[in-house]
Amino acid sequence: SIRGEDQQWRARGALDIDEENRLQTSLQLDQSSQQLDGDMDLQFNKLQWLALFAPTIAPPQGKLEAKLKLSGSLENPLLEGDASLREGLFRVPSTGTELTDVRLDISVPANSQKATISGRLKAGDGRLIVDGSADWPTAETANLQLQVEGENLQLVDTHEAVVVVSPQLTLQAKEDRIDIGGVLSLPEARFTPGEIPASAARVSN
């Protein structure tokens, strides 16, 4: 619902599936001072609905939680709180990709314009670790920096192909530019052609 009175705009929203799957949000804007006051409380122990937005993946699993508070102004918004993903499992059947033990943590100190990011996952016998930060000096300016380190990640595992990668990458995103640097090695890459149909034409000499 959205209400406006005496230059005060208020918005509230809620999605309650059950006690372990819910979303509640509120936002207040003082139109004269441009000050913000809002919060979000999110908890989902079922993530199968994410497959609606990515039909190529199997219904994912995991626990998603977030408690965030918004303050500051439209020009300089401030955040506070934490968001996390636990026990994540994502599969892509067409490529045999299976990401397990997926964990992501985002933390924003009180009255801050910077968040710390950390994550990890497993793929086959390999592991991936992500560390980084994001900051937003103004509402129009946001920066993201990530360090990605992994070893022996099995990203493709089918009858036709097996691909294992070991990334050592840095990612920097700033306004309309994304820079990626580092090394992406392939400890293993095997490709097996599929069976040739008996009806296939032979090349004449």
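## The hairpins around strand 8

Strand 7 (residues 97–112) and strand 8 make a hairpin with one residue between them. Strands here, like helices, are DSSP runs numbered from the N terminus; a strand is E with at least two residues, a helix H or I with at least four. The model is predicted: local features need pLDDT of at least 70, side-chain atom pairs count only at pLDDT 80 or more, and totals for chains, interfaces and linings use all residues. Residues are numbered from 1 along each chain as its sequence is written, and side-chain values use heavy atoms, with hydrogens and water left out.

Strands 7 and 8 run antiparallel and are joined by seven bridges. Two strands count as paired if DSSP finds at least two bridges between them. Arg-103 has Arg-120 of strand 8 as its bridge partner. Strand 8 also pairs with strand 9 (residues 126–138), again in the antiparallel sense, over 10 bridges. Here Lys-122 has Arg-127 of strand 9 as its bridge partner. Strands 8 and 9 form a hairpin too, with two residues between them. Gly-124 sits in that turn and has a positive phi of about 70 degrees.

Which residues make up the covered face of strand 8? They are Ala-115, Ile-117, Gly-119, Leu-121 and Ala-123. The uncovered face holds Lys-114, Thr-116, Ser-118, Arg-120 and Lys-122. In a regular strand, side chains alternate between the two faces of the sheet.

## Salt bridges

The whole structure has eight salt bridges. The criterion is a side-chain nitrogen of Lys or Arg within 4 Å of a carboxyl oxygen of Asp or Glu. One of them links Arg-103 and Asp-105, with the closest N and O atoms 3.1 Å apart. Arg-103 is partly exposed, at 29% relative accessibility. The accessibility classes are buried under 20% relative accessible area, exposed over 50%, and partly exposed in between (1.4 Å probe, protein chains only).

Arg-177 and Asp-179 meet through their side chains, N to O at 3.0 Å. Arg-177 is exposed at 53%, whereas Asp-179 is partly exposed at 32%. Arg-190 and Glu-188 form another salt bridge, with the closest N and O atoms 2.8 Å apart. Arg-190 is partly exposed, with a relative accessible area of 46%. Glu-188 is partly exposed as well, at 30%. Salt bridges also link Arg-22, Asp-41 and Lys-67 in a network.

Asn-143 lies in strand 10 (residues 141–151). Is Asn-143 buried or exposed? Asn-143 is buried, with a relative accessible area of 17%. Contact means heavy atoms within 4.5 Å. Beyond its neighbours within four places in sequence, Asn-143 is in contact with Ser-133, Ala-134, Asp-135, Pro-137, Ala-173 and Lys-174.

Gly-72 belongs to strand 5 (residues 61–72). Gly-72 is buried, at 14% relative accessibility. Setting aside neighbours within four places in sequence, Gly-72 is in contact with Gln-34, Gln-35, Leu-36 and Leu-78. How many Å separate the C-alpha atoms of Gly-72 and Arg-120? The separation is 32 Å, for two residues 48 apart along the chain.
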